[in-house]
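Here are some notes on one helix pair and a handful of charged contacts. Please read them with the structure open.

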Amino acid sequence: MAATGYTTLSMLRNALRSFFPLRLTPINNSIICCQTLRSFPPSTHLNSSGMCHLAQAIKGDADPLLKGMADRSTIEAVKHILEMAKRASKRREVLHTDFHTPPVLKESMIALEKLADIKAVAQGGYPQAERCRLSVGHSEVLTTDPDTVAALRITGNFGFQPCSHGDFLGAILGTGIAREKLGDIILQGEKGAQVLIVPELVDFLVSSLEKVGNVSVSCTKMPLLALEYEEPRTTSFKTIEQSLRVDALASAGFKLSRTKLVDLIRNDDVRVNWTTVTKNGTTLKTGDVVSVSGKGRLKIGEITMTRKGKYAVELIRYL
């Protein structure tokens, strides 16, 4: 048993030396990388080959860092970001992702924290931004926040023909710009909207965007510091339901019939936490965000049980 333990520790030490050209000292079941001040905690387990999962991930296998993620699209996005981060660290350069949704950003930051010598900075253009870009690189290279987000102001005669978020998004995508190149769209009522975008597409959108809906518009670049934004306005109410299914809660939240909601799900117009829902019976929980194309968004608040065994659910509707 002692010989086996010694062999395993030796294999681990040799494996980590290939990633860190420095002296490794085992202290209280932890491995301290002396020159980088990095510590692998006791919860870092060895696999069947004797190599710790974290060391495997640093070498190039991202799978251990993706455990616990259920959504396939999120997994693929995080995997791509991890590969980009490792490539940037190895080349000692800074690379930038496209805009990502909150779930992808959250999972990516959790995974990136487990990689040695890699720093990540999220930027969306303003403090309340939902969609953000990540800048990743070696911690000694990424010392300042890069300029990775630009802002545009879209103006027109919206006083008589108000346009929704979907109207602005559709008009921009209609120019040929991919969704991942766009950040948040901040509606300003009669004044139009402010759009966050990757800097390299600013000139293209300025010259290409002519209309939003039936409104002729002009598009001009603006400094990020000039952005006008406020906390989103919401209204809250409660509903009593027999289940926590998305079709039940969303129909109550958006004042739609259950049949209409099912049709929207069938047409891929319903998303939970920014991921398209395909099953009516998807179960929701506190904190989930449900969005319906053309209807807006709502958040699931507190959930309690009634005396009759039903669910009393707080629904927070974004205005």
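1. Handedness first. Helix 7 and helix 8 cross in a right-handed manner. Keep in mind that this is a predicted model.

2. The contact residues come next. On the helix 7 side they are Val246, Asp247, Ala248, Ala250 and Ser251. Helix 8 contributes Arg258, Leu261, Val262 and Ile265. Sorted by class, the contact has six nonpolar residues, one polar residue and two charged residues.

3. Now the geometry. Two packed helices are described by the angle between their axes and the distance between the axes. Helix 7 covers residues 246-253 and helix 8 covers residues 258-266. Their axes come within 9 Å and cross at roughly 115°. Helix 7 is therefore roughly perpendicular to helix 8, because angles of 65 to 115 degrees count as such.

4. Which salt bridge partner does arginine 258 have in aspartate 247's helix, and how far apart are the closest N and O atoms? The partner is aspartate 247 itself, with the closest N and O atoms 3.8 Å apart. A salt bridge needs the nitrogen within 4 Å of the carboxyl oxygen, so the pair qualifies. Arginine 258 sits in helix 8 and aspartate 247 in helix 7, so the bridge ties together parts 11 residues apart in sequence.

5. Is aspartate 247 buried or exposed? Its relative accessibility is 2%, so aspartate 247 counts as buried. Arginine 258, in contrast, has a relative accessible area of 40% and is partly exposed.

6. This pair belongs to a network. Salt bridges link Arg245, Asp247 and Arg258. When you inspect the helix 7 and helix 8 contact, look at Asp247 and Arg258 again: both are listed among its residues.

7. A second bridge to check joins aspartate 98 and lysine 181. Their side chains meet at 2.7 Å, N to O. The pair links distant parts of the chain, 83 residues apart. Aspartate 98 is in strand 4 (residues 94-100). Lysine 181 is in the loop between helix 5 (165-173) and strand 8 (182-187).

8. Both ends of that bridge are partly exposed. Aspartate 98 has a relative accessible area of 24%. Lysine 181 is also at 24% relative accessibility.

9. A further bridge runs from lysine 285 to aspartate 288, with the closest N and O atoms 3.1 Å apart. Aspartate 288 counts as buried, at 4% relative accessibility.

10. How many salt bridges does the structure hold? The total is nine. The bridges discussed above are among them.

How values were computed: Residues are numbered from 1 along each chain as its sequence is written. This is a predicted model: local features need pLDDT of at least 70, side-chain atom pairs count only at pLDDT 80 or more; totals for chains, interfaces and linings use all residues. Side-chain values use heavy atoms; hydrogens and water are left out. Axes are lines fitted to C-alpha atoms, for helices over the stretch in contact, and angles run from 0 to 180 degrees between N-to-C directions. Helices (H or I, at least four residues) and strands (E, at least two) are DSSP runs, numbered from the N terminus. Angles under 35 degrees count as roughly parallel, over 145 as roughly antiparallel, 65 to 115 as roughly perpendicular and the rest as oblique. A crossing is left-handed if the near helix is turned anticlockwise from the far one by less than a right angle, and right-handed if clockwise. Contact means heavy atoms within 4.5 Å. Ala, Val, Leu, Ile, Met, Phe, Trp, Tyr, Cys and Pro count as nonpolar, Asp, Glu, Lys and Arg as charged, and the others, Gly among them, as polar. Buried means under 20% relative accessible area, exposed over 50%, partly exposed in between (1.4 Å probe, protein chains only).
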